[in-house]
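Here's a quick briefing to read alongside the model. Have the sequence and the 3D view open as you go.

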Amino acid sequence: MNILELLAALQAQQDEATTRAAELREQIEHLTTALAETEARLTDLATTRKIIAEVAPAGADPDPPGTKTTYQAIVNTFNQHPDTPFRARELHELLGMPTDETSVNITRNRLGRLTRQGFLTQPGRGRYQKRT
């Protein structure tokens, strides 16, 4: 191998290493951003938990009476129909609950909470389905 071939081979290796270094820097930047977002979320959750603990009287149930049974009925419905997406109003009709706008809006809030907790997904706007 002559000097020109050796220099060309070294240049090719240097170009590959430069490209790989750039890819790794990009991955580090992405992971750093993801870590910062996750740490911020953890801080928000800890703060929320602390606020709720301070606001709620000791031994008090933070949910109004009947809420747990309502949540359980909703969860049971999704467990019985894991592949079926529902709208809040459809759940009310299926469960025999009142279909007035206020009641349905409360259920929408509950469905949003179950979605944020990871139990449900939203396959479409206003539709909720059990996460599989």
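Let's start with a charged pair: Arg-108 and Glu-101 make a salt bridge, with their closest N and O atoms 3.3 Å apart. A salt bridge here is a side-chain nitrogen of Lys or Arg within 4 Å of a carboxyl oxygen of Asp or Glu. Salt bridges with shared partners link Arg-89, Glu-101 and Arg-108 into one network. Keep in mind that this is a predicted model, where local features need pLDDT of at least 70, side-chain atom pairs count only at pLDDT 80 or more, and totals for chains, interfaces and linings use all residues. Residues are numbered from 1 along each chain as its sequence is written, and side-chain values use heavy atoms, leaving out hydrogens and water.

**Salt bridges**

- How many salt bridges does a search of the whole structure find? The search turns up three.
- Arg-89 and Glu-101 meet through their side chains at 2.9 Å, N to O. Arg-89 belongs to helix H3 (residues 88–95) and Glu-101 to helix H4 (residues 101–116), so this pair ties together parts that are 12 residues apart in sequence.
- Arg-108 is partly exposed at 33% relative accessibility, Glu-101 is partly exposed at 42%, and Arg-89 is partly exposed with a relative accessible area of 30%. For these labels, buried means under 20% relative accessible area, exposed means over 50%, and partly exposed is in between (1.4 Å probe, protein chains only).

**Overall layout**

- The protein chain has four helices and two strands, running α-α-α-α-β-β from the N terminus on.
- Of the 132 residues in the protein chain, 17% are buried.
- Among contacts in the protein chain with a separation of 6 or more, 43% come from residues 24 or more positions apart. Contact means heavy atoms within 4.5 Å.
- The accessible surface of the protein chain is about 10,000 Å², and carbon and sulfur atoms account for 56% of that. These areas come from the Shrake-Rupley method with a 1.4 Å probe; for residues, only the protein chains shown count as cover.

**Rings**

- A pair of aromatic rings is described by the distance of the centres and the angle of the planes.
- The pairing rule takes rings of Phe, Tyr and Trp (its six-membered ring) with centres within 6.5 Å; planes under 30 degrees apart are stacked, over 60 edge-to-face, and the rest tilted.
- That rule gives one aromatic pair. Phe-78 and Phe-86 have ring centres 5.6 Å apart and planes at 85 degrees, so they count as edge-to-face.
- Are Phe-78 and Phe-86 buried or exposed? Both are buried.
- Arg-110 puts its charged end over the ring of Tyr-71, 5.6 Å from the ring centre. The rule for a charge over a ring is NZ of Lys or CZ of Arg within 6 Å of the ring centre and within 35 degrees of the ring normal.

- His-81 is in the loop between helix H2 (67–80) and H3, and is partly exposed with a relative accessible area of 32%.
- Not counting residues up to four places away in sequence, His-81 touches Phe-86 and Leu-94.
- His-81 and Lys-130 are 49 residues apart in sequence, yet 8.0 Å apart in space, C-alpha to C-alpha.
- Ser-103 lies in helix H4 and counts as buried at 19% relative accessibility.
- Leaving out residues up to four places away in sequence, Ser-103 touches His-92 and Pro-98.

**Nonpolar surface patch**

- Met-1, Ile-3, Leu-4, Leu-6, Leu-7 and Leu-10 make a nonpolar surface patch of about 700 Å².
- Patches are made of residues with over 30% relative accessible area and no salt bridge; like charges are joined within 9 Å, and nonpolar side chains (Val, Leu, Ile, Met, Phe, Trp, Tyr) within 5 Å.
- Leu-6 is found in helix H1 (residues 3–55) and is partly exposed, with a relative accessible area of 40%.
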